[in-house]
Amino acid sequence: MSVPAFLSRLRIPVIGSPLFIISNPKLVIAQCTAGVVGSMPALNARPASQLDEWLHEITETLAAWDRDHPDQKAAPFAINQIVHKSNDRLEHDMEVCAKYRVPLVITSLGARTDVNQAVQAWGGIVMHDIINNAFARKAIEKGADGLIAVAAGAGGHAGVKSPFALIQEIREWFDGPLALSGSMATGGAVLAAQAMGADFAYIGSAFIATDEARASEEYKRCIVDSNSDDIVYSNLFTGVHGNYLKPSVRNAGLDPDHLPESDPTKMNFGGDAKKAWKDIWGCGQGIGAVKGVVPTRELVDRLAAEYAAARKQLGLMG
């Protein structure tokens, strides 16, 4: 299976990962018009009726951009759906996505055949995020079109597998669209992801430190001031293991080096989770490359320049 045509027109092979609470239409539009896939979780729209307003804004703005820039059309956008049973909005949010024929749906925390078929029925594709090879096989068996391999060091919910092992194992049996997530914040890392066998780099944390991101200035500054030593891996906050900024954990009155384990059967992605993620800041290990808070286009420009330089260094130009 080849990469769908609408994903082949990217400026650089990057998908901006959906950032819980933080991604909004402003960031998605900025990512797409800069030439990379912009995305956001459906659950960021609150109340649920806001999702229709946001998708209308995104689709209309990107259509206007394409009319004004016929030689530099916007990249497609994606919506993330949490398919875990705790998400009581899934049916509603899928109906809204169908209305706007969302081109790419990213599914998380469970793979569902009915969701995949619904997206494919309106002409979209589904990429499911996974943390190991077994989950990858289940996702494809249930009809997902592509995979997002969430390796060690990724921001928010993340796995523990080396990207070298994870990509190699998946590529032994799967030749469809594949993105790699985990500690990437440079153009060189994007090229490395491709060298390992991925089609795309899946980048999230670097986009938090942008002007358009709906994160607090304290959160953005913490990313700029931190590096991989400032990340802690814990399942305390949502029941699923993820990477978080230690300073935010300390600010919440907890010791990041001595966090208790949570009950994984009590996963929650509703209001309580929103509060947890607002106070406890998700972040990946790649943030040492983030040196300042910048406009999204400036970040993509940097990634594109670094990507081109890395290709040139390896004699891959042309």
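Predicted model: local features only at pLDDT ≥ 70, side-chain atom pairs only at ≥ 80, totals over all residues.
**A walk through the sheet and its aromatic pairs**

Residues are numbered from 1 along each chain as its sequence is written, and side-chain values use heavy atoms, with hydrogens and water left out.

Back to the rings. A search of the whole structure turns up 3 aromatic pairs; rings of Phe, Tyr and Trp (its six-membered ring) pair if their centres lie within 6.5 Å, and planes under 30 degrees apart count as stacked, over 60 as edge-to-face and the rest as tilted. One of them joins Trp173 and Phe174, a tilted pair at 5.7 Å centre to centre with 50° between the planes. Trp173 is partly exposed at 26% relative accessible area, whereas Phe174 has 7% and is buried. For Phe237 and Tyr244, the centres are 5.0 Å apart and the planes sit at 75°, so that pair is edge-to-face.

Now for the sheet. It is open, with 8 strands in the order S1-S9-S8-S6-S5-S4-S3-S2 and parallel pairing. Strands here are DSSP runs (E, at least two residues), as are helices (H or I, at least four), numbered from the N terminus, and two strands pair if DSSP finds at least two bridges between them. S1 (14-16) and S2 (38-41) are the edge strands, each pairing on one side only.

Zoom in on S4, residues 104-108, where 5 of 5 residues are buried. Leu104, Ile106 and Ser108 cover one side and Val105 and Thr107 the other, all of them buried. S3 (residues 77-82) runs parallel to S4, joined by 5 bridges, and Gln81 stands opposite Thr107. From S3 the chain passes through helix H3 (residues 90-99) to S4 in a right-handed β-α-β crossover; right-handed means that, with the strands pointing away from the viewer, the path from the first strand over the helix to the second runs clockwise.

S4 also pairs in the parallel sense with S5 (residues 125-130), over 4 bridges. There, Thr107 has His128 as its bridge partner. The chain gets from S4 to S5 through helix H4 (residues 113-121), again a right-handed β-α-β crossover.

How values were computed. Buried < 20%, exposed > 50% of the residue type's maximum accessible area, 1.4 Å probe, protein only.
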